[in-house]
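Dear colleague,

I am passing on the structure below, together with notes on what was found in it.

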Amino acid sequence: MSIEVKDLSYVYSPGTPYAAAALNGVSITVNEGDFLGIIGKTGSGKSTFIQHLNALIKLQSGSIKVYDVDLTQKKPDLKKLRGTVGMVMQYPEYQLFDETVEKDVGYGPKNLGLSEEEIKCRVKEAVELVGLNYKEVADRSPFELSGGQKRRVAIAGVIAMRPRVLILDEPTAGLDPRGKKDIMSLVKRLKETSSPTIIIISHDMDAVAENCDKVALFSEGKIQAVGSPREVFYDANALALAEMDVPSVVKIARELQKKGVSLQGKPVTREELVEAIRRWRDE
Amino acid sequence: MNNVVFGQYYPTGSVVHRLDARIKLLAVIFYIITVFFIRDYVMYAAMFVFIIGLTLVAKIPLKVLLRTVRTIVFLVLVTSIINLFFTTGEVLWVHWKFIKIYKEGVEHAIKLALRLILLMLFPSLLTLTTTPMELTDALESLMKPLKLIKVPVHAIALIMSIALRMIPILMEETNKIMLAQKARGADFDTGGALKKAKAMVPVLVPLFVGAFRRADELALAMDARCYSSVAKRTKYKVMRLTAKDFVAGFICFAVFSLVFLNKYLWPFDQMVLALFK
Amino acid sequence: MAIKFEKVTYEYPAEDNAVVAVKNVDLEIEDGSFVCICGENGSGKSTLAKLMNGLLQPTSGVVTVDGKTTATEEEEELFAIRQKVGMVFQNPDNQMIASIIEDEIAFGPENLGVPREEIGERIEYALSAVGMTEYRHNTPYKLSGGQKQRIAIAAVLAMRPEVLVLDESTAMLDPKGRAEVLKVAHELNDQGITIVLITHFMEEATQADRVVVMSEGRVVMDGTPEEIFRDRASIEKYDLELPITDAIAADLLQAGLPLEDKIYSEKTLAEAICRLK
């Protein structure tokens, strides 16, 4: 078990006329090795939730345990937490700041208090992991790279902290089809090599269905449904409540259902759909 | 954060809120001048009563108005204390070792404190009852005569308007960047002033880079919508004075006149004090 | 013919060597059409868009709008072109100048010198065209991304354009916001406004009359969505992707199912699958 959240609630600006509840009794367990997709409308509490996992927001009520860091304690070990949970925010390239790629990527490890050698080694590793040529980019200014490269450098800055849990908030937002594909395969590669647990916020249901093995559906500060993509994307009630769309594959299955064709095995990925249609046809 | 974002504006929809912002702005300007001419305690009291009355009419809780004074408490204390110890006069009240406090010093200190508080209160009432946008429009309108001497009044107003629009966006961005750097282990809270200032570099650099990017895009969007600083433009929003604006203007004028009358013609505060003696 | 490109090349001036963004493009955008421009980042799509209303002027070749060249130094002629070809950009926060929505929408007409009374009517028309009438007196700060972009569209509509260029205006939006903006674009097209939509989302391209694909500054494909997306080799070559339903249809075809090779929506694809048995 890597993350355990129990009964988490959060109110913005409590006690003022602007008070707004963002989370309302959220409980979820994330195991090591999970590829968790968090879905839900804008304003459903997704971002507030993931910010809690990195203690970027002060815990108001409920409990969060990330490996052996207990956030209910008075002074949790934040350095340890931030070395364990890496967070890639939306449009992370807008947070680059240093003169060279080398220095920028090394910012996180430096904050962790690592030695110069260790920092250098991690920076090199991270830059190469995200698919950039270390020798070519290390001494360049991050500001003169292309959009896609900037985003990679920003991700490398998080990877260099060697987090066991990597959280990404809409990592493909604003990219072209090629860029989207590249980032998604990068995330999968990172899961295999450096960060065994991945949590991703996405509005792209097709991508969630293809890549995640667990889905949490947020709505109005609550988790409306959680389970495998199959369980969640075929939970028509919960999806309707959360006003969420389903992956195209599920839409097609629904259309077929309407026409009296019920496919076996509730397909959510393209591969599963093709297989189910073949089987139905051979029946 | 919301409080900062929307300035101090405290919406109640009262008649004070609905007054023409130009009248309110002019009133504040004349008020500030007037405060320096207040002669004695009775007139100070009268001014406070006037402001409290206005606050009630504006339906703003007195607590909210008084909160604005908190920001200058330190200033008031320091200046009062300096005056208390360094004003010399004729009537010596306290003499202890090298400290001498005169009656005049005490009076000076009290009056200065009252004046500072008064100076804070009325303009606060303006910002509590007027949106920044209305203020911008009012300023543009009042500055119109300056066009004759080639002051780019519209451009100045546009700059203020864009600044107002961008402040909440940049604040949100600052917050986002701080969170992102915190997630990378940044520590903004501990250490001395120098360390804290240094810790802000990873926040300020992206913020500035972002601000320039936004400025670029905004300029392009304005070009696309035919903005020109020289061409003749029309103005959609026209501010019109109504009867209530004239009444409000007259009331303020009357109250402020009392201060000057009191100082130069009839010292009626002396008469009031004489009654009590 | 609304917009016409003749042998247009555009080079960005750079310190060392000029970067060619658009190379020798011939293109006509017909009145009343809905044209989608696709292509990977850096393919020259956005440069092409900015050439349409004279925000950029060609290094060589000619761009004309209703027969008039965009290569003019005269502000009046340039404004006539920008009034006809309105443009909405990617980031909704970086193209608004006012803190009140009606002021935002009035900005364009004010620049054009439209009389006051008429600006009021135009605001009403533009807001109702994008379904945002009830937000007239609000601030844009609290709106969703989709709503902000609709306001940006309304701000252009108030200038009564013939062509609306949406330069990646859906890129930063969530699916709901994207659907809102697209719906508005199609409604405006039905009312006779020419739409040029620049996008990375292939699902948006399937709804256009015509798709133009750019790569390395050149127009490499030009045809109906059907023609474009059936050319799967080229789609791959230019780093585009198939709309998801077509990708599924392609998978089914590849699996040996006798499916007709055409463009599908979820609904039509389901119908076609039903006919397989």
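This is a predicted model: local features need pLDDT of at least 70, side-chain atom pairs count only at pLDDT 80 or more; totals for chains, interfaces and linings use all residues.

B:Arg39 lies in the loop that joins helix 3 (21–35) to helix 4 (41–57) of chain B, where helices (H or I, at least four residues) and strands (E, at least two) are DSSP runs numbered from the N terminus. Because 16 other C-beta atoms fall within 10 Å, B:Arg39 counts as partly exposed; on this scale a residue is buried if 20 or more other C-beta atoms lie within 10 Å of its own, exposed if 12 or fewer, and partly exposed in between, with C-beta atoms placed from the backbone.

Residues are numbered from 1 along each chain as its sequence is written, and chains are lettered from A and ligands numbered from 1 in the order in which they are written.

As for confidence, chain B has a mean pLDDT of 86, with 96% of its residues at 70 or more, pLDDT being the predictor's confidence in each residue, from 0 to 100. Within chain B the lowest mean, 39, belongs to helix 1 (residues 2–5), and the highest, 94, to helix 11. Over residues 1–7 of chain B the pLDDT stays under 50, and the model has 8 contacts beyond four places in sequence for them; two residues are in contact if their C-beta atoms, placed from the backbone, lie within 7 Å.

Chain B contains 13 helices and 2 strands, and its domain assignment gives domain 1 (9–130 + 239–276) and domain 2 (163–224), the bounds coming from an automatic or database domain assignment. The centres of these two domains, taken over C-alpha atoms, are 39 Å apart. The radius of gyration of chain B is 24 Å, whereas a compact globule of 277 residues would have one near 19 Å; the radius is taken over C-alpha atoms, and the globule rule is 2.2 Å times the number of residues to the power 0.38. Of the 277 residues in chain B, 25% are buried.

The contact between chains C and B takes 32 residues of chain C and 27 residues of chain B. Helix 3 of chain C gives the most to the chain C side, with 7 residues.

Finally, in chain A, strand 3 (residues 35–39) is largely enclosed by the rest of the structure, because 4 of its 5 residues are buried. Strand 3 of chain A pairs in the parallel sense with strand 8 (residues 197–201) over 4 bridges, two strands being paired if DSSP finds at least two bridges between them. Strand 3 of chain A also pairs in the parallel sense with strand 9 (residues 214–219) of chain A, over 4 bridges. A:Gly37 stands opposite A:Ile200 in strand 8, and A:Ile38 opposite A:Ala216 in strand 9.

With best wishes
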